[in-house]
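Take a look, then follow the questions.

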Amino acid sequence: MNSPYIKETTSVSIIMLKVLLALVPAIGLYVMYFGPAILVSIMLAIATALVCESMMLKFRSYAVKPFLLDGSATVTAVLLALSMPPLAPWWLIVIATAFAIIVAKHLYGGLGNNLFNPAMVGYAVMIISFPVHMTQWPAPEMLASAHLTFTQELQYIFAGIMPDGLNLDAVSMATPLDTLKTQLKLEHTINEILQMPIFSWGSGKGTEIIALGYLAGGLILWQQRIITWHIPVAFLSGLFLTGSLFHIYDTDRYISPWFHLLSGGAMLGAFFIATDPITGATTPKGKLIFGAGIGFLTYVIRSMGGYPDGVAFAVLIMNICVPLIDAYTQPKVFGHKSVQPDAQEK
């Protein structure tokens, strides 16, 4: 037994492995409701991330094997793949992952030095550069008018070939958040919109179940002390409270806050993306501010911005604020007054 003042350290590779295992429930549900194409995106992103990581480490004269085996590039790749449409062409996944690893991670100094979440940088660049391709989300199995076999999905992803007599519209559809935004622009009320087949008891058919899968994985990470409760609770509370205020103000124009919690990347962002220890706030009070800011911005972008989901941009905006948040939320040292950044500089 170790002395009480000696703490066992957890390696980066163990942390990353636990994060990947925590994603398994949601990935399994993803395959169940939207088909196996997501597995292709994940494997393609992982392969691209490992190749780019190796190239950049060699270019920077670092040992390749230790950094390659720490799992950080693999986690970035999986989170990015889960954020992108599974039926997107292969080159979209490759470009997004390469940008995340090369530009967002290594050009800032590599693991531990990047200011912005690499996976969200890759996603944001793609949705700005290729907005049409980023809307090719597969329809839930129960709503699709036609189904692709795994081989046909591979043919479309890698060669852009659809089976004879079938087009992409038959197997894809707008996401619940995108559908909501479009229908509101057509002056339909929330009650009218929720009668559409894509919506279900929580948000969209299938998407609400996957969100619960991310929630289950996040609770496992919290139980394993990989993450603390501060950022996920603040994120989801910020999103829920902001949504509640608008919903109370006008129930015909602003949907229930529960819908926002179970839609888009809310759960994935709250437990797996915003909790990135490198790009997030580090103090307990700072984590609450950081998470609440992401939740608030996610709602604002979803409801008033040009994109249906806003998690990626909200995370990147709050990444910018982290140095300021950390500077003003340093805990008071016992026996001293609260620390002020100006005093530290003098």
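Q: How many helices and strands does the chain have?
A: This is a predicted model, where local features need pLDDT of at least 70, side-chain atom pairs count only at pLDDT 80 or more, and totals for chains, interfaces and linings use all residues. Residues are numbered from 1 along each chain as its sequence is written, and side-chain values use heavy atoms, leaving out hydrogens and water. Helices (H or I, at least four residues) and strands (E, at least two) are DSSP runs numbered from the N terminus. On that basis the chain has 16 helices and 0 strands.

Q: What is the radius of gyration of the chain?
A: It is taken over C-alpha atoms, and the globule rule is 2.2 Å times the number of residues to the power 0.38. For 346 residues that rule gives 20 Å, and the chain comes close to it, so it is as compact as a globular protein of that length, with a radius of gyration of 21 Å.

Q: Is K105 buried or exposed?
A: K105 lies in helix α5, residues 90-105. Buried means under 20% relative accessible area, exposed over 50%, and partly exposed in between (1.4 Å probe, protein chains only). K105 has 4% relative accessibility, so it counts as buried.

Q: Which side chain does a polar contact of 3.0 Å join to K105?
A: A polar contact is a pair of N or O atoms within 3.5 Å; within protein, one must be able to donate a hydrogen and the other to accept it, and residues adjacent in sequence count only if both atoms are side-chain atoms. At 3.0 Å, the partner of the K105 side chain is E53.
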